[in-house]
Amino acid sequence: MSQAAEESTYSTFSYATAPNAALYRRIMLAFVRAKERFTVHLRPEDVQAALLDDGGAPVPQEQLAVALDSLASGAWGNLLAFPDSSRVTAIEDFYRRRMLYQLSRPGEAAERALRHYDESFGSRGALQAVALEDIAILLRSLHDALAGERSESDALDDHRIHQDLRSLRERFSELADNAVVFMGSVQRSIDLQDANLEAFLAYKDRLISYLERFIADLVTRAAQISALLGEFTGDDVRLICEIAVRREAQDTAPGELVPVSPQQDGAGTTPRDTSGPAEELLLAWLRRWQGLSDWFVSTSARDSEAKLLRARARSAIPALLAVVASLHDRHSGRSDRSADFLTLARWFSELPDDASRHRLWRTSFGLTSTRHLTVTPETEDAWERDRVGPSTPWALAWPVEVSPQLRRTGSYERRGRPHRVTDRAQAKAMLAVRMREESEQTAAARRRILTGGPVPLSAFTELDTEAFRLFLALLGDGVAALRPGVETAQVDTSDGGLRLVIARLPDAPEATLRTLDGTLTGPDHLVDITLVGVAET
């Protein structure tokens, strides 16, 4: 496209920045709403009535006529103007300027683009748990359409597959776009410095509850969607994408896309011509499917976007709590200690003599002489009898009865032998014995679950409580490490003493482990438990 053509195309946006742009936007919005009601042409009086219905200020007829002419001018081209001869009843009416106005195609596109920009700019986005459920349902429907219907009649329902694929694209796009916008709005809330404390606390409570619900849904739904995506082979994905290309090519205007016409050959297959623009359309659908897979399925080289979103949503909760603590500190009026010292220094400089400065020093830092470090029982009885409160001044409270010995000698020491130091050797020895016994029990439990080579879970006999506790913790870490697409995993205990190598078994039956605490059932796996790293004690 030449530069002149680009300037002509983008000139339809000029009304959004021109003087009196607010009136132009109101007029264009009236035309868009009228077209949504299947009203194509509007007269100036119709536009005037629509402007009054939108609740805005009324517009004089002369100003409205000038605005309509500007929008219909060749420089902008947002409206198309046609002579209105439908209501001519006299010869004089032919000499009056009567016009019908209609949205031009570029003008409608410009106004809808501006409306989309306004909505996106003011939107906070959302984490759509319902979209996750819809994606899982649509993937299951696609899989059933490929498996069930093809096996029954050897003919696919192209309409159903195309509709499910389009719905899947729309729901996934909404989910991804809204998640980005929502997490961006959460980050702006976290970075907020001048927030109203009460309003932010109310928003924080609702947001944390919202994040917790979405995280719980994402954990379960993402795993389900990842498993469903794993059921589609490369040929399945290409087949449904070719169906979408073929159906979309049927509605394409001539000259815009090479049609994709199925032709049956002798073997019953349906070769499709996907050359030229059709090949680009097919690649676009394949890229969308790959994007969907990357969003939900993790690999050894990278984490999925769903996992990253879950981590980001989780990290937002403590970040919000940190903002709340910061706002509390800011509103509590906490002062800097250096400011306190400067104020105290100013007070010292304003006092008239050293005696006053000494008194201020003792008052500020509490460096007064100690009166008494003990209280006699008689004084405590007098305080209890007279109900002396903590706010009673010293001058009005009962005096402390001082021992005569303290008056005579100036010191008071309690006579008698000092307390003996407690001997804790026996308790330490008991703790050492208990630790040794627990270590021996753990070492024995480790030896009982060693396999000596790969064995199925069903080969384990009854385990005692200690051995089963250790085995269950190790097995749980191993099963968690078997992510989708991973057939074998290796995990170690936290001290590096035991190593478990676990592998999936194809078409594994159900294994049952009987213990003193109950029975554990689940899919059978191949496990190998060895002792490594540390020596037994």
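1. Confidence. The mean pLDDT of the protein chain is 76, and 76% of the residues reach at least 70. Residues 1-7 fall below 50 in pLDDT, and this stretch has two contacts in the model beyond near neighbours in sequence. Residues 257-275 also have a pLDDT below 50, but here the model shows 35 contacts beyond near neighbours in sequence. Where pLDDT is low, the predicted coordinates should not be read in detail.

2. Secondary structure and contacts. The protein chain contains 18 helices and nine strands. Of its contacts with a separation of 6 or more, 65% are between residues 24 or more positions apart.

3. Burial and surface. The protein chain has 537 residues, of which 30% are buried. Its accessible surface amounts to about 34600 Å², with 54% belonging to carbon and sulfur atoms.

4. Position of S104. This residue is in the loop between β3 (99-103) and α6 (105-122). Is S104 buried or exposed? Its relative accessible area is 4%, under the 20% limit, and S104 is therefore classed as buried.

5. Surroundings of S104. When neighbours within four places in sequence are set aside, S104 is in contact with G77, N78, L79 and L80. With G77 there is also a polar approach: a polar atom of the S104 side chain lies 2.6 Å from the backbone oxygen of G77.

Terms used: Residues are numbered from 1 along each chain as its sequence is written. This is a predicted model: local features need pLDDT of at least 70, side-chain atom pairs count only at pLDDT 80 or more; totals for chains, interfaces and linings use all residues. Side-chain values use heavy atoms; hydrogens and water are left out. Helices (H or I, at least four residues) and strands (E, at least two) are DSSP runs, numbered from the N terminus. Buried means under 20% relative accessible area, exposed over 50%, partly exposed in between (1.4 Å probe, protein chains only). A polar contact is a pair of N or O atoms within 3.5 Å; within protein, one must be able to donate a hydrogen and the other to accept it, and residues adjacent in sequence count only if both atoms are side-chain atoms. Contact means heavy atoms within 4.5 Å. pLDDT is the predictor's confidence in each residue, from 0 to 100. Accessible areas come from the Shrake-Rupley method with a 1.4 Å probe; for residues, only the protein chains shown count as cover.
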